[in-house]
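Hi,

Here is the structure I promised to pass on to you.

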Amino acid sequence: MDVQAIAQRSQQETSRDDCWFERDVVAGLAGKVKSLPAKYFYDVAGSALFERITEVPEYYVTRSEIGILQSYGLAITGLLPAGCALVEFGAGSSRKSRILFGTAANIAAYVPVDISGDFLRKDIVHLQKDFPHLGVHPVICDFTTEFDLPESILSLPRVGFFPGSTIGNLEPSEAGGLLQHFGEVLGEGATLLVGVDLVKDERTLASAYDDAERVTARFNLNLLKRINRELDGNFVLGRFRHLALYNAELARVEMHLVSECRQEVRVAGRVFQFDAGESIHTENSYKYTLETFQDIAGENGWSTIGAWTDGLYSVHALTRR
Ligand code: TRP
């Protein structure tokens with residue numbers, strides 16, 4: 001693959017993204033209920049903090065998922081067609097796909113789809129070294145938009161992979177739409193592996209998103225830092241605090257940044273007023289039961305062919321009807 005082309009492309013996209021960042025932030029802060037889009041968490045510092053979140057003791061999600069992929073790897077990959085292409089949506093790091101490549105010889109190609117060309121460039125070199133027989137065909141794009149799979153894999157059976165319970169960061173109706181979209185991208189006869197975090201007691205959930213070391217708090221607050229830096233903002237970080245709460249009625253963990261006092265903040269030449277205690281809603285992480293997730297999958301063109309859980313987290317194998 002062409003590393004140079006990836007670098008150029010990602011630079012062009014960066015400048016286009018900048019103007020969306022400003023528009024989205026201004027719109028989010030101007031609303032009656034303030035919010036900011038979670039996709040902007042992942043600048044360089046945010047991505048590094050997220051890596052650390054996956055290692056804090058309270059955040060069981062990553063450990064559970066890796067444990068399930070390792071323990072049930074043979075059963076999971078046993079459901080995949082021989083010589084298939086694994087298409088990973090939002091391939092933040094290929095760590096989890098690697099577990100599948102290491103378990104099974106029936107995966108012939110890997111298509112990491114990620115908006116960050118930088119990441120793809122770094123990771124692929126190592127991946128090729130570790131799995132020399134794997135055809136690696138990165139696609140740089142936002143996987144929620146329409147895009148074409150690389151031509152070189154169109155003759156192979158396709159398997160989508162969407163780990164990390166990222167599906168939970170969407171509204172349930174959007175999650176259904178995304179599952180349909182994956183079906184369209186992957187095409188006839190596809191298989192889909194999805195990681196989904198499960199509903200559980202409030203204490204476990206709330207602390208997974210509010211660790212004692214305060215890494216998640218820093219991750220959340222980093223969004224304000226990014227706004228200060230990139231959009232000429234003047235948020236004082238000490239005047240906002242991280243709040244994670246489990247909303248049992250909606251089965252979601254909500255992340256907020258709460259204003260500690262009445263204050264004014266300037267961003268991109270505009271002024272926004274905050275009351276004491278007013279929040280900026282930054283993220284939701286919806287939790288499912290095996291059944292509520294399978295219902296959504298079923299309503300959006302996918303039948304369940306397998307599901308594995310450690311009691312905290314689940315991995316589902318679906319086939320396109
Ligand atoms: N998909 C992850 C999750 O919902 C994302 C995540 C983990 C996250 N911790 C976070 C998002 C903290 C925002 C804040 O578990």
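Predicted model: local features only at pLDDT ≥ 70, side-chain atom pairs only at ≥ 80, totals over all residues.

Residues are numbered from 1 along each chain as its sequence is written, and side-chain values use heavy atoms, with hydrogens and water left out.

**Two helix pairs**

Helices (H or I, at least four residues) and strands (E, at least two) are DSSP runs, numbered from the N terminus. Take α2 (residues 44–53) and α9 (215–230). Their axes come within 9 Å and cross at roughly 160 degrees; axes here are lines fitted to C-alpha atoms, for helices over the stretch in contact, and angles run from 0 to 180 degrees between N-to-C directions. That makes α2 roughly antiparallel to α9 (over 145 degrees; under 35 would be roughly parallel, 65 to 115 roughly perpendicular, and the rest oblique). On the α2 side, the residues in contact (heavy atoms within 4.5 Å) include Leu 49 and Phe 50, and on the α9 side they include Val 215 and Phe 219.

Now compare α3 (residues 60–71) and α5 (residues 95–103), whose axes come within 10 Å and cross at roughly 10 degrees. These two are therefore roughly parallel to each other. Among the residues making this contact are Ile 66 and Leu 69 of α3, along with Ile 99 and Leu 100 of α5.

**Asp 43**

You'll find Asp 43 in the loop between β1 (34–35) and α2. Is Asp 43 buried or exposed? With 9% relative accessibility, Asp 43 counts as buried (under 20% relative accessible area; exposed is over 50%, partly exposed in between, with a 1.4 Å probe and protein chains only). Leaving aside neighbours within four places in sequence, Asp 43 touches Asn 222, Arg 226 and Arg 229. The side chains of Asp 43 and Arg 229 are joined by a polar contact of 2.9 Å (a pair of N or O atoms within 3.5 Å; within protein, one must be able to donate a hydrogen and the other to accept it, and residues adjacent in sequence count only if both atoms are side-chain atoms).

**Positive phi**

Most residues other than glycine have a negative phi. Asp 232, though not a glycine, has a positive phi of about 50 degrees, and Asp 232 sits in the loop between α9 and β8 (240–247). Ala 251 also has a positive phi, near 55 degrees.

Cheers
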